[in-house]
Amino acid sequence: MVFHVITIFPEFFRGPFDYGVVARAAQAGKLRIEIHNLRDWTGDRHKTVDDRPFGGGEGMVLKPEPIFHAVESILPDRNEQDRVILLSPQGRLFDQREAVRLSRYRRLVLICGRYEGVDERVAEHLADEELSIGDYVLSGGELAAAVVIDAVARLVEGVLGNEQSALRESFQDPEAPALLDYPQYTRPAEFRGWKAPEVLLSGNHEEIRRWRRQAALAKTARMRPELLEKLRN
Ligand code: SAM
């Protein structure tokens, strides 16, 4: 899978993908992350990417031409295995289900907005979809793109060492996708007087499975009761 990021701050991505499973997967050739500087697709001496909003108002807006040129030259053979995504607080909310959906594409292009946002013609005529990582406003799409890439990349086949470990995480249990993960414990079995649940040390796999299901339900009820509502409906 290839992720293409279009940004006016390419340096922003020095770091986020240099660690852990995503970095290892990139080194092993399981995925590729290409960062593109939007200014490379400008035609003027000043490499202008923004302009004042029509109708007045605060700030600047990213112009459509460089973004259209960028996407059209990154994906000259664009087809249904590609997805062009505009990061935007006005987009559909990104969650684990969305991550699974996006992991099935061959190439994702992520357009990072800045300033007051992006000329609406990008959302209407270039992007396949707008995606938001939450109901808050960030100062740019770069952090959002990094979040989307990280969540999607770990679902790409072969990225996680143990294929099973992506299968039963929070929001990802095939039998109950609205559940949070069960609590995890490791050595020492007792720390400052707090004991790990004995059942986890018992070696009884059926008991452990049952305890984990109960503990996941209890934690979901405590932390995210609205998810259980979803499960019931
Ligand atoms: N004026 C816009 C609005 O109120 O909807 C906000 C623009 S925001 C300051 C600048 C850029 O940050 C956006 O174009 C988008 O790319 C990115 N951004 C901000 N919040 C985001 C979010 N919750 N999810 C995804 N991208 C976001």
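In the predicted model, a polar backbone atom of Tyr-136 lies 2.9 Å from a nitrogen atom of the ligand. The ligand on its own exposes 590 Å², of which 85% is buried by the protein. For Glu-116, a backbone N or O atom is found 2.9 Å from a nitrogen atom of the ligand. For Ile-133, the corresponding distance from a backbone N or O atom to a nitrogen atom of the ligand is 3.0 Å.

The shell around the ligand holds 20 residues, among which Leu-87, Gln-90, Glu-116, Tyr-136 and Leu-138 come nearest. By residue type, the shell comprises nine nonpolar, nine polar and two charged residues. At least two shell residues each are supplied by strand S5 (82–93), strand S7 and helix H5 (141–153). The largest share, four residues, comes from S5.

Strand S7 spans residues 129–132 and includes Glu-129. Glu-129 is classed as buried because its relative accessibility is 8%, under the 20% cut-off. The side chain of Glu-129 makes a polar contact of 2.6 Å with the side chain of Arg-83. Leaving aside residues up to four places away in sequence, Glu-129 touches Arg-83, Val-84, Ile-85 and Leu-86, as well as Arg-92, Glu-98, Arg-101 and Leu-102.

Note on methods
Residues numbered from 1 in each chain as written. Predicted model: local features only at pLDDT ≥ 70, side-chain atom pairs only at ≥ 80, totals over all residues. Heavy atoms only, no water. Buried < 20%, exposed > 50% of the residue type's maximum accessible area, 1.4 Å probe, protein only. Polar contact = N/O pair within 3.5 Å; in protein donor to acceptor, adjacent residues only side chain to side chain. Contact = heavy atoms within 4.5 Å. Near = heavy atom within 4 Å. Areas by Shrake-Rupley, 256 points an atom, 1.4 Å probe, with all protein chains shown as cover. Nonpolar A, V, L, I, M, F, W, Y, C, P; charged D, E, K, R; others polar.
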